[in-house]
Amino acid sequence: MAVTENLSDNTPGHEVKALLRVLHGQRRHVVDILDGLDAQDLRRPVLPSGWHCLGLVQHLTLDVERFWFRAVVAGDQQVIRGLTSDDEAWQVSPEVTAVDVLDRYRQEAAFADDVITATPADAALAWWPHDLFGEPHLHTLRDVLLHVITETACHAGHLDAARELIDGRRWLVLT
């Protein structure tokens with residue numbers, strides 16, 4: 001099938017697949033920008049706010065991928081019961097390795113993909129965290145996908161800045 005034919009396909013499944021491809025690209029960016037950093041650099045805060053790269057990845061794992069897809073979209077009661085309301089996702093225990101944090105991110109992304117591919121784009125959300133956000137401002141899987149793509153891209157940019165401050169490496173340089 002030609003690319004132009006793919007672009008004209010407006011089926012709901014096609015829309016979700018297209019959004020998922022964009023999310024996959026942002027997830028790859030998050031993981032790849034950290035490639036080559038040692039354990040010390042991955043835990044080194046370089047901005048005044050004090051977060052470090054592993055903490056941000058763990059935040060993406062727990063507060064973004066797990067929260068939005070398994071809790072909000074799928075309504076997984078076990079996940080909902082395990083949610084915390086503080087910033088603990090940003091805190092990575094010293095005994096947790098970088099490999100563990102990155103593997104958990106990949107695993108949670110795979111769980112999210114299962115939810116995403118099993119859910120129509122316009123499906124209503126199974127659960128909404130009124131205590132955190134008040135009345136719903138996201139209503140469908142499509143809304144959540146767009147929100148998560150935006151949040152992941154924003155945090156990938158944060159990781160770009162952190163990486164450049166750590167060792168000068170830049171992800172994408174346009175000249």
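Contact here means heavy atoms within 4.5 Å. This is a predicted model, in which local features need pLDDT of at least 70, side-chain atom pairs count only at pLDDT 80 or more, and totals for chains, interfaces and linings use all residues. Residues are numbered from 1 along each chain as its sequence is written, and side-chain values use heavy atoms, with hydrogens and water left out.

**First stop: Gln58**

Select Gln58, which is found in helix H4; helices (H or I, at least four residues) are DSSP runs, numbered from the N terminus. Gln58 is buried, at a relative accessible area of 12% (buried means under 20%, exposed over 50%, partly exposed in between, with a 1.4 Å probe and protein chains only). Leaving aside residues up to four places away in sequence, Gln58 touches Asp63, Glu88, Ala89, Gln91, Val92 and Val101. Show the backbone of Ala89 as well: its oxygen is reached by the side chain of Gln58 at 2.9 Å.

With residues up to four places away in sequence not counted, Arg70 touches Glu65, Gly75, Asp76, Val79, Glu108, Phe111 and Val115.

From there, move to Asp76, in the loop between H4 and helix H5 (77-81). Asp76 counts as partly exposed, at 28% relative accessibility. A polar atom of the Asp76 side chain lies 3.0 Å from the backbone nitrogen of Gln78.

Select Phe67, Trp68, Trp127, Trp128 and Phe133, which ring pairs link into a cluster. Rings of Phe, Tyr and Trp (its six-membered ring) pair if their centres lie within 6.5 Å; planes under 30 degrees apart count as stacked, over 60 as edge-to-face and the rest as tilted. The whole structure holds seven aromatic pairs. In one of them, the rings of Trp68 and Trp128 have centres 6.0 Å apart and planes at 50°, so the pair is tilted. Because Trp68 lies in helix H4 and Trp128 in the loop between helix H6 (98-117) and H7, this pair ties together parts that are 60 residues apart in sequence. Trp68 is buried, at 3% relative accessible area, and Trp128 is buried at 9%.

Which residues are closest to the centre of the largest pocket? The space in this pocket is about 360 Å³, and of its 20 lining residues, Asp63, Phe67, Thr84, Leu132 and Phe133 are the closest to the centre. On a 1 Å grid over the protein atoms alone, a pocket is an open set of points where a 1.4 Å probe fits, with protein on both sides within 12 Å along at least five of seven lines; lining residues have an atom within 4 Å of a point. Helix H4 (53-73), helix H7 (130-133) and helix H8 (141-167) each supply at least two lining residues, and H4 gives the most, with six.

**Last stop: Gln40**

Finally, select Gln40 in helix H3 (residues 39-42). Gln40 counts as exposed, at 62% relative accessibility.

Terms used:
Grid points are joined across faces, edges and corners, and a volume is the space filled by probe spheres set on the points. A polar contact is a pair of N or O atoms within 3.5 Å; within protein, one must be able to donate a hydrogen and the other to accept it, and residues adjacent in sequence count only if both atoms are side-chain atoms.
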